[in-house]
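I opened my notebook to look up a few things in one protein. Here is what I went through, entry by entry.

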Amino acid sequence: MNDEYRLRMEAQDLTKQPPTEEPERQYYFMKKCQEIVKKKSEEMGRPLTFSLTSFGCQMNARDSEKLLGILEQIGYEETEDEHADFVLYNTCTVRENANLRVYGRLGYLNTIKKKNPDMLIALCGCMMQEQEVVEKLKKSYRFVDIIFGTHNIFKLAELIVKRFEQQKMVVDVWEGTDRIVEELPSERKYPFKSGVNIMFGCNNFCSYCIVPYVRGRERSRSPKDILEEVRRLADDGVVEIMLLGQNVNSYGKNLKNPVSFAQLLKQVSKIEGIERIRFMTSHPKDLSEELIEAMRTLPKVCPHLHLPLQSGSTRILREMNRRYTKEQYLELVEKIRCAVPDISLTTDIIVGFPGETEEDFQETLDVVQTVGFDSAFTFIYSRRTGTLAAKMENQVPEDIVKDRFDRLLAEVQRISAKVCGRHLHTTQKVLVEEPDDHAEGYLTGRLGNNTIVHFPGDPSLVGKIVDVYLEESKGFYYMGRLEC
Ligand code: SAH
Ligand code: SF4
Ligand code: F3S
């Protein structure tokens, strides 16, 4: 697939001024950058290397594949660790500890850079959209070379060229954007599965959450561009796709010709070669009957729904600006289970939101027990500057939050160990993902409902969908054997 992009890059004429139109402009800079990298690599007598680390969610992971695609076109070679000529961190700022990790690792990078002064350090992603972060980096982390945000990742090649030309820190962070630049290279982590952005940004402003501030307003890609991308992926051997957005259930509402997410699912389903369709994330307030019906009737749509609860207390949900009640959430779960009885439900939960009492917390435990989630990501509330909740006065003391968190985690694990094994002694379709890390001769794959299974098999099966008999349940995963 990237051959086509290489040709577009090679067709650029560097004796002319850079084009003003995107993405042509970026192909021009990729070519220019490629020449610089080639020259440097000849001087050094070795290829130039890069290391890219992605923090945060699937959205960032997908952005990183695009960044990787550009770096590879330019001619950098990937290395395992951060002893590289170009180190890029795609950052997350959803919780404070995500930020702290980046600062910690920057200290380490500085020691490496002292030994290799030609090394370039670049930071992008959500954390860079925060003004205080950029100020701090400019002041105390002068060794960082390039800083850019979430709205202009497509400009990576242009920014590297600029850094080579001006020999000082390049900062390019946009406050927001309404544009979506299509048709740039990207490099997939797995040849057989891929994320596909269907929308960017978020308009929900849950009161604890920084994402709308760092990812900007909701923008949907056109169905035509999405379908075109999925078709290309299918032609390239992809069998499973994950449609990505902060709130896929509101997909298409702001398009010139509005399309619903369920309609999009139907169209994607028709694409030959695609066997499995997943999506993330669904906001409960926007989950329509039409979507439930689509999940029930479209066989390629996997029987898995990630439905973030955040809290089981209606009072806290109101403070969080989630716009559903405990009862509405439970009703929704019932409707979904009625339509797709075997569905696997997973969720996100925050403990210690400002003003959360023991009674509120008990409501959360109650929902966890009533629903019986296959798994739940549990988070300690983190105060994010700029959000509404950060200004709330009744922040919950740390020791109380920690105690609730431990109790919640124990309950979540107890329940998921109980419910995850419900397909024991059945044969299931499994997408083989990789050779098992821990056991020689074994493979690791996923059921449609996202549960992991390990079984003996040949690595040539990676990327194929096979029948596996589930012999033993280990709580969160199965051991199985291939069914011939
Ligand atoms: N768009 C998705 C979530 C994106 S962030 C959705 O609406 O579900 C992923 C998860 O991080 C959230 O579901 C929430 O549980 C958690 N999270 C977000 N902000 C947080 C904060 N300030 N403190 C703790 N957890 C947070
Ligand atoms: Fe954050 Fe809420 Fe948007 Fe999810 S829906 S990204 S939690 S503001
Ligand atoms: Fe983090 Fe940004 Fe995702 S803040 S969770 S990487 S959208």
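Entry 1, overall form. The radius of gyration is taken over C-alpha atoms, and the globule rule is 2.2 Å times the number of residues to the power 0.38. I looked this up for the chain in this predicted model: for 484 residues a compact globule would have a radius near 23 Å, and the chain has 23 Å, which agrees. Along the principal axes, the C-alpha trace spans about 65 × 60 × 50 Å.

Residues are numbered from 1 along each chain as its sequence is written, chains are lettered from A and ligands numbered from 1 in the order in which they are written, and side-chain values use heavy atoms, with hydrogens and water left out.

I found 14 helices and 19 strands (DSSP runs numbered from the N terminus: H or I of at least four residues for helices, E of at least two for strands). Buried residues make up 55% of the 484 (buried is under 20% relative accessible area, exposed over 50%, partly exposed in between, with a 1.4 Å probe and protein chains only).

How many salt bridges does the structure hold? I have 45 written down (each is a side-chain nitrogen of Lys or Arg within 4 Å of a carboxyl oxygen of Asp or Glu).

One of them pairs aspartate 3 with arginine 6, at 3.6 Å from N to O. Both sit in helix α1 (residues 2–10), 3 residues apart, so about one helical turn separates them. Arginine 6 is partly exposed at 33%.

Next I looked at aspartate 236 and arginine 188, whose closest N and O atoms are 3.1 Å apart. Aspartate 236 is in the loop between α8 (223–235) and β10 (240–244), and arginine 188 in the loop between β6 (170–172) and β7 (193–197), so this pair ties together parts 48 residues apart in sequence. Is arginine 188 buried or exposed? At 16% relative accessibility, arginine 188 counts as buried, whereas aspartate 236 is partly exposed at 34%.

Then came glutamate 363 and lysine 326, with closest N and O atoms 2.6 Å apart. Glutamate 363 lies in helix α13 (residues 358–371) and lysine 326 in helix α12 (residues 326–339), so they tie together parts 37 residues apart in sequence. Lysine 326 is buried at 10%.

Definitions and conventions. This is a predicted model: local features need pLDDT of at least 70, side-chain atom pairs count only at pLDDT 80 or more; totals for chains, interfaces and linings use all residues.
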